[in-house]
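Hi everyone, and thanks for coming. Please take a moment to look at the picture before I start talking.

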Amino acid sequence: YPDPSDWQRDAWKQVHACLDDPAVREPLQTPAGGSLWREKRFEVILDGEWVTGTFDRVMVAADRALIVDFKTDSVVDEAAARGRAEGYRPQIELYRRVLSMLTGLDPSSIQAVLIFTRLRMLVSA
């Protein structure tokens, strides 16, 4: 196999640094009695349109779920990350609707966080 490109190596280092950070690692724990989806692809018909995508990570419990989306964006500080998170709001709302459809959970019981890997920072979405 060929060596990963520079951006892949950089992303790998960022994710590992996040996993070494207890503040970031804590919300990644699978809930007791729950299940974990990693890189879970989906295809659904939503509002009459075919929608495809991939969840980075989802923790599902009987009455709630958490969507975790990793972002390797080049953000320099918390304000930039929060601003960038607003741009991802439509994607996260779509993920919330799809997850609700797949699990039967009410969308209000589905939380979401973005992990900005360069800053090792979580932003609720």
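I'll walk through the sheet, then the core, and then some aromatic rings. One thing to keep in mind throughout: this is a predicted model.

Let's begin with the strands. There are five of them in an open sheet, in the order S1-S2-S3-S4-S5, and their pairing is mixed. Which strands stand at the edges? They are S1 and S5, and each has a single partner strand, so one side of each has no neighbour in the sheet.

Now pick out S3 and S4. These two run parallel, and seven bridges join them. To find your place there, look for Asp 69, which stands opposite Leu 114 in S4. Next, what packs on the sheet? That is helix H4, which touches S1, S2, S3 and S4, and the direction of H4 makes about 90° with that of S1.

On to the core. The largest nonpolar core has 25 residues, and the ones that touch the most other members are Phe 55, Val 58, Ile 67, Leu 99 and Phe 116. Where do the core residues come from? At least two come from each of these elements: strands S1 (35-46), S2 (49-60), S3 (65-71), S4 (110-116) and S5 (121-124), plus helices H3 (78-87) and H4 (89-103). Apart from this core lies another one, with eight residues, including Val 24, Met 59, Val 68 and Val 113.

Let's zoom in on Phe 116. If we skip neighbours within four places in sequence, its contacts include Lys 71, Ala 81, Tyr 88, Met 121 and Val 123.

Met 121 deserves a stop of its own. You'll find Met 121 in strand S5. Is Met 121 buried or exposed? Its relative accessibility is 12%, and buried means under 20%, so Met 121 counts as buried. Leaving out neighbours within four places in sequence again, Met 121 is in contact with Val 24, Glu 78, Ala 81, Arg 82, Leu 114, Ile 115 and Phe 116. And here is a pair to find on your screens: Met 121 and Ala 65 are 56 residues apart in sequence, with their C-alpha atoms 20 Å apart in space.

Finally, the rings. A pair of aromatic rings is described by two things, the distance of the centres and the angle of the planes. How many aromatic pairs does a search of the whole structure find? The number is four. Take Trp 37 and Phe 55: their ring centres are 6.1 Å apart and their planes are at 55°, so this pair is tilted. Trp 37 sits in strand S1 and Phe 55 in strand S2, 18 residues apart, so to speak a link between distant parts of the chain. Both of these residues, Trp 37 and Phe 55, are buried.

Trp 37, Phe 42 and Phe 55, together with Tyr 95, form one aromatic cluster.

Two lysines to finish. Lys 40 lies over the face of Trp 37, 5.4 Å from the ring centre. The charged end of Lys 71 sits over the ring of Tyr 88, at 3.8 Å from its centre.

Terms used
Residues are numbered from 1 along each chain as its sequence is written. This is a predicted model: local features need pLDDT of at least 70, side-chain atom pairs count only at pLDDT 80 or more; totals for chains, interfaces and linings use all residues. Side-chain values use heavy atoms; hydrogens and water are left out. A nonpolar core is a set of buried Ala, Val, Leu, Ile, Met, Phe, Trp, Tyr and Cys residues joined through side-chain atoms within 4.5 Å. Buried means under 20% relative accessible area, exposed over 50%, partly exposed in between (1.4 Å probe, protein chains only). Helices (H or I, at least four residues) and strands (E, at least two) are DSSP runs, numbered from the N terminus. Contact means heavy atoms within 4.5 Å. Two strands pair if DSSP finds at least two bridges between them. Axes are lines fitted to C-alpha atoms, for helices over the stretch in contact, and angles run from 0 to 180 degrees between N-to-C directions. Rings of Phe, Tyr and Trp (its six-membered ring) pair if their centres lie within 6.5 Å; planes under 30 degrees apart count as stacked, over 60 as edge-to-face and the rest as tilted. A charge sits over a ring if NZ of Lys or CZ of Arg is within 6 Å of the ring centre and within 35 degrees of the ring normal.
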